[in-house]
Amino acid sequence: MKRGLFLTLEGVDGCGKSTQLAFLTEYLKQKGLDVLLTREPGGCAIPEQVRQILLNPENREMSAETEMLLYAAARAQHIAEKILPALEAGRVVLCDRYLDSSIAYQGYGRGLGEQRVRQINWYAQEHCMPDATFLFLLEVERSFERIRQGRQSTDRLEQEGRGFFERVDDGFHALAERETRIRVIDAARSVEQVWAELRQKADEVLEQWQDI
Ligand code: TYD
């Protein structure tokens with residue numbers, strides 16, 4: 001059977017990724033594709049429990065290393081239990097965040113360094129890299145505004161200061177320059193304009209996949 005297609009969506013908090021992900025899921029389903037929508041950290045029972053620990057604002061003592069390892073551990077389970085079986089069954093897997101988030105948030109944001117994050121994650125995802133990644137870029141100033149307007153309570157990571165999110169943003173930019181699988185989307189425009197760009201880029205990726 002033809003291997004499935006693994007797509008991930010990435011971006012800083014408040015970039016509008018969730019709205020666009022809902023559009024993309026619906027769009028792909030309407031095309032008759034068998035879509036699995038999932039997210040990180042989470043996606044199935046054990047990683048969702050790890051998510052509770054990671055995002056709980058009361059867990060102030062968590063070290064950067066523990067945080068990196070917990071994201072990687074959640075990922076290992078998610079891959080084994082959900083992502084790989086779906087890809088082997090030929091499905092289209094749409095994942096809200098993945099390895100690039102660990103590189104940007106833990107590698108750059110927490111200052112652990114990209115190489116360390118890649119090494120640790122190698123154990124978790126040796127053979128499971130996305131075929132394409134849609135990266136939503138938005139100025140830190142704007143994403144901050146959106147986080148503040150949109151939510152009553154913030155999770156542990158969203159409580160970080162501006163410097164942290166600037167480093168995360170630097171990380172995403174660095175990745176975008178180096179990795180050809182990453183397709184950048186300008187998230188500063190209207191929801192409709194962002195969706196038009198995402199749809200066009202998703203169509204290109206689908207065409208390539210269907211041609212194989
Ligand atoms: P979530 O509420 O799902 O954020 P969003 O809706 O913006 O995707 O929370 C996930 C948080 O976890 C988010 O702040 C990014 C962070 N994160 C990491 O720091 N490392 C990772 O590897 C992943 C997958 C997420």
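How far is an oxygen atom of the ligand from an N or O atom in the side chain of Ser 102? The distance between an oxygen atom of the ligand and an N or O atom of the Ser 102 side chain is 2.5 Å, a polar contact being a pair of N or O atoms within 3.5 Å. For Arg 97, a polar side-chain atom lies 2.7 Å from an oxygen atom of the ligand, and for Arg 51 an N or O atom of the side chain is 3.0 Å from one. On its own the ligand has 550 Å² of accessible area (Shrake-Rupley method, 1.4 Å probe), and the protein covers 93% of that area.

The model is predicted: local features need pLDDT of at least 70, side-chain atom pairs count only at pLDDT 80 or more, and totals for chains, interfaces and linings use all residues. Residues are numbered from 1 along each chain as its sequence is written, and side-chain values use heavy atoms, with hydrogens and water left out.

Around the ligand are 16 residues, each with a heavy atom within 4 Å of the ligand. Asp 13, Lys 17, Arg 97, Ser 102 and Gln 106 come nearest. By class, this shell has eight charged, five nonpolar and three polar residues. The helix α4 provides its largest share, four residues.

The ligand takes the space of the largest pocket, whose volume is about 580 Å³. Its lining has 29 residues, and Asp 13, Lys 17, Arg 51, Arg 97 and Glu 158 lie nearest the centre.

Technical notes
A polar contact is a pair of N or O atoms within 3.5 Å; within protein, one must be able to donate a hydrogen and the other to accept it, and residues adjacent in sequence count only if both atoms are side-chain atoms. On a 1 Å grid over the protein atoms alone, a cavity is a set of points where a 1.4 Å probe fits but cannot get out, and a pocket is an open set with protein on both sides within 12 Å along at least five of seven lines; lining residues have an atom within 4 Å of a point. A molecule sits in a cavity or pocket if more than half of its atoms lie within 2 Å of its grid points. Helices (H or I, at least four residues) and strands (E, at least two) are DSSP runs, numbered from the N terminus. Ala, Val, Leu, Ile, Met, Phe, Trp, Tyr, Cys and Pro count as nonpolar, Asp, Glu, Lys and Arg as charged, and the others, Gly among them, as polar. Grid points are joined across faces, edges and corners, and a volume is the space filled by probe spheres set on the points.
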